[in-house]
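Here is a short briefing to read alongside the model. Please keep the viewer open as you go through the points.

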Amino acid sequence: MPEQAVAVPPKKGETAQKMNAEYNRRKSEGEQRREEKRRWVESAKISRVRFVNRKVSVSYGVVENGAHNDFEMESDDEPSSEFTGALQALAPFVAEIVFRDRKEREWQTKDIAVKSVNFKEHDEGGLHAGIGTALTLANGKATALNVPQMPLRCGEDGDGEAHYSIAAAEAIEEVLARTRDYMAGKRAQGNLFARLDD
């Protein structure tokens, strides 16, 4: 009679306990890394975000060990629809600033593609932003249509300096929030860092 293989069962309870402890350890470490990444992304000072040729580029600075370090992040991972929507939501505000005639603003807005937003914090604590766009002309050619840096909010003294409307400032702040999401790994294909150790 041929010999049959006999499976040796694991020691009762030991394997399941070890596996559970290992799973809990990995899960805890993953949550800790995600929290560290979230804090790092929130502390980053974003100076520019670009979305050109299906590629996202973010320039930012982080203070580490008392030193200011500048970084550039580039990725061709498809951004979420919230990210691209937040950028494109700036087109009507660009048209409002550039074109005087209401009908022309309405007509041109659909042909404005928002490509970049740059940011600068001034000593007074105010955030300024500039918007870079491309306007597609009737002949199919594109031309740059850019809004120079302006304050997001009017100064306390109301000095009459040109600044964005409240709605435009909120739309620009939404671009910042969606850029932080992108930096944290939230892309069209899901949250890249959600399952670090699963």
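Which residues does Val117 touch, not counting residues up to four places away in sequence? Val117 touches Ser47, Arg48, Val49, Leu87, Leu90, Ala129, Gly130, Ile172 and Val175, where contact means heavy atoms within 4.5 Å.

A word on the basis of all this: the model is predicted, so local features need pLDDT of at least 70 and side-chain atom pairs count only at pLDDT 80 or more, while totals for chains, interfaces and linings use all residues. Residues are numbered from 1 along each chain as its sequence is written, and side-chain values use heavy atoms, with hydrogens and water left out.

**The nonpolar core**
- The largest nonpolar core has 39 residues, and Leu90, Val117, Tyr164 and Ile172 have the most contacts inside it.
- Such a core is a set of buried Ala, Val, Leu, Ile, Met, Phe, Trp, Tyr and Cys residues joined through side-chain atoms within 4.5 Å; buried means under 20% relative accessible area, with a 1.4 Å probe and protein chains only.
- At least two residues of this core come from each of E1, strand E2 (55–64), H2, helix H3 (91–98), strand E4 (112–121), strand E5 (127–136), strand E6 (142–151) and H5.
- H5 gives the most to this core, with 8 residues.
- Helices (H or I, at least four residues) and strands (E, at least two) are DSSP runs, numbered from the N terminus.

**The aromatic cluster**
- The whole structure holds 3 aromatic pairs; rings of Phe, Tyr and Trp (its six-membered ring) pair if their centres lie within 6.5 Å, with planes under 30 degrees apart counted as stacked, over 60 as edge-to-face and the rest as tilted.
- Phe51 and Phe83 are edge-to-face, because their ring centres are 6.2 Å apart and their planes stand at 90 degrees.
- This pair links Phe51 in strand E1 (residues 45–52) with Phe83 in helix H2 (residues 81–88), 32 residues apart.
- Phe83 also forms a tilted pair with Tyr182, at 5.6 Å centre to centre and 35 degrees between the planes.
- Tyr182 lies in helix H5 (residues 166–183) and Phe83 in H2, so their pair ties together parts that are 99 residues apart in sequence.
- Ring pairs link Phe51, Phe83 and Tyr182 into a cluster.
- Phe51 counts as buried at 12% relative accessibility, and Phe83 at 2%.

**The buried side of H2**
- Phe83, Ala86 and Leu87 are buried in H2.
- These residues lie on the same side of H2 because they cover an arc of only 100 degrees around the axis, taken from the directions from the helix axis to the C-beta atoms.
- E1, E2, H3, E4 and H5 are among what covers the buried residues of H2.

Methods:
Buried means under 20% relative accessible area, exposed over 50%, partly exposed in between (1.4 Å probe, protein chains only).
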